[in-house]
Amino acid sequence: MTRIRTHKWISVTLALLMMPLVAAADCEGPVVAATINYEQLGACNGFRRPDGAMQPAQSGHAYVVFRISTITNTTAGASDFQFDPVRLFVNSDPRAYGVGYYALGWRRPRAVEPRTVRAGTVETFNGTVTMEVPEGGPKTDAAAAAQNKSYFVSYETPAGTQGTFMAKANSSQTSWHYTNDCAEIEEYHPNP
């Protein structure tokens, strides 16, 4: 009986001594990340291009419009962050990547363009990014379905660079304005 208790005591002691070493091996220190602050503005089926022609979403897809408000790059150990809106995506199948240059027929469009956010700074963008997301089938009004869905945006971070954290301002919201024409979203969410 004493021999069994001794083995248990040795096992418990070894486990207690090894725990800090295992924890230290898993600890990578503080996470260095740029925070991309954004909000979902609405869903639409198409928009008028500068040449006057309509640009509809492909069948079974909707355009979902987001505003990138700021990027905060102030965490300890941050390096300059090379932001490119084409790395933004909604996790769908296939992924819906962001396009920063759609004017959407807005009177005061503001595209989100690539920019370097220096370490220790906060950059204001207040521009829109549009993603064409699959929503419903080919005979579905995809924008009508998308108006009641909260989409979360991610950022595809290149290997060897600091990470990102996505902060959605209206993450608890459950419905947005629906419009057939993306230009009408501006009535509710004009660029500041």
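## Report on the predicted model

T157 is partly exposed, with a relative accessible area of 29%; here buried means under 20% relative accessible area, exposed over 50%, and partly exposed in between (1.4 Å probe, protein chains only). This is a predicted model, in which local features need pLDDT of at least 70 and side-chain atom pairs count only at pLDDT 80 or more, while totals for chains, interfaces and linings use all residues. Residues are numbered from 1 along each chain as its sequence is written, and side-chain values use heavy atoms, with hydrogens and water left out.

### T157 and its surroundings

T157 is placed in the loop between β9 and β10. Helices (H or I, at least four residues) and strands (E, at least two) are DSSP runs, numbered from the N terminus. Not counting residues up to four places away in sequence, T157 touches Q162, G163 and T164, where contact means heavy atoms within 4.5 Å. From C-alpha to C-alpha, T157 and Q82 are 9.7 Å apart in space, although 75 residues separate them in sequence.

### Nonpolar cores

A nonpolar core is a set of buried Ala, Val, Leu, Ile, Met, Phe, Trp, Tyr and Cys residues joined through side-chain atoms within 4.5 Å. The largest such core has 27 residues, of which I36, F83, L88 and M131 touch the most other members. At least two residues of this core come from each of β1 (33-48), β3 (61-73), β4 (81-83), β5 (88-90), β8 (121-134), α2 (142-146) and β9 (153-155). The largest share, 5 residues, is supplied by β3.

With residues up to four places away in sequence not counted, I36 touches I68, T70, I71, F81, F83, L88, Y155, T164, F165, M166 and A167. A second, separate core of 10 residues includes A57, V65, L104 and I185.

Strand β1 contains Q40. At 1% relative accessibility, Q40 counts as buried. Leaving aside neighbours within four places in sequence, Q40 is in contact with V64, V65, F66, A146, K149, S150, Y151, K168, N170 and W176.

The structure holds 1 disulfide, a term for a pair of cysteine sulfur atoms within 2.5 Å. This disulfide joins C44 to C182, with an S to S distance of 1.9 Å. The link of C44 and C182 is right-handed, with 85° about the S-S bond. C44 lies in strand β1 and C182 in the loop between β11 (177-181) and α3 (185-188), so that the pair links distant parts of the chain, 138 residues apart. Both C44 and C182 are buried.

### Salt bridges

Side chains of opposite charge can pair when their charged atoms come close. A salt bridge is a side-chain nitrogen of Lys or Arg within 4 Å of a carboxyl oxygen of Asp or Glu. By this rule the count comes to 7 salt bridges, and the table lists three of them, including the pair of D51 and R49.

| Salt bridge | N to O distance |
|---|---|
| D51 and R49 | 3.3 Å |
| D80 and R118 | 2.8 Å |
| R87 and E156 | 3.9 Å |

D80 and R118 meet in a salt bridge. This pair links distant parts of the chain, 38 residues apart, with D80 in the loop between β3 and β4 and R118 in the loop between β7 (115-117) and β8. D80 counts as partly exposed at 35% relative accessibility, and R118 counts as partly exposed at 46%.

R87 forms a salt bridge with E156. Because R87 lies in the loop between β4 and β5 and E156 in the loop between β9 and β10 (163-168), the pair ties together parts that are 69 residues apart in sequence. R87 is partly exposed, with a relative accessible area of 28%, and E156 is partly exposed at 28% relative accessibility. Salt bridges that share partners join R87, R95 and E156 into one network.

### The sheet of β6, β5 and β9

An open sheet is formed by 3 strands in the order β6-β5-β9, with antiparallel pairing. Two strands pair if DSSP finds at least two bridges between them. β6 (96-97) and β9 stand at the edges, each with a single partner strand, so one side of each is left without a neighbour in the sheet. The antiparallel strands β5 and β9 are joined by 3 bridges. F89 has S154 in β9 as its bridge partner.
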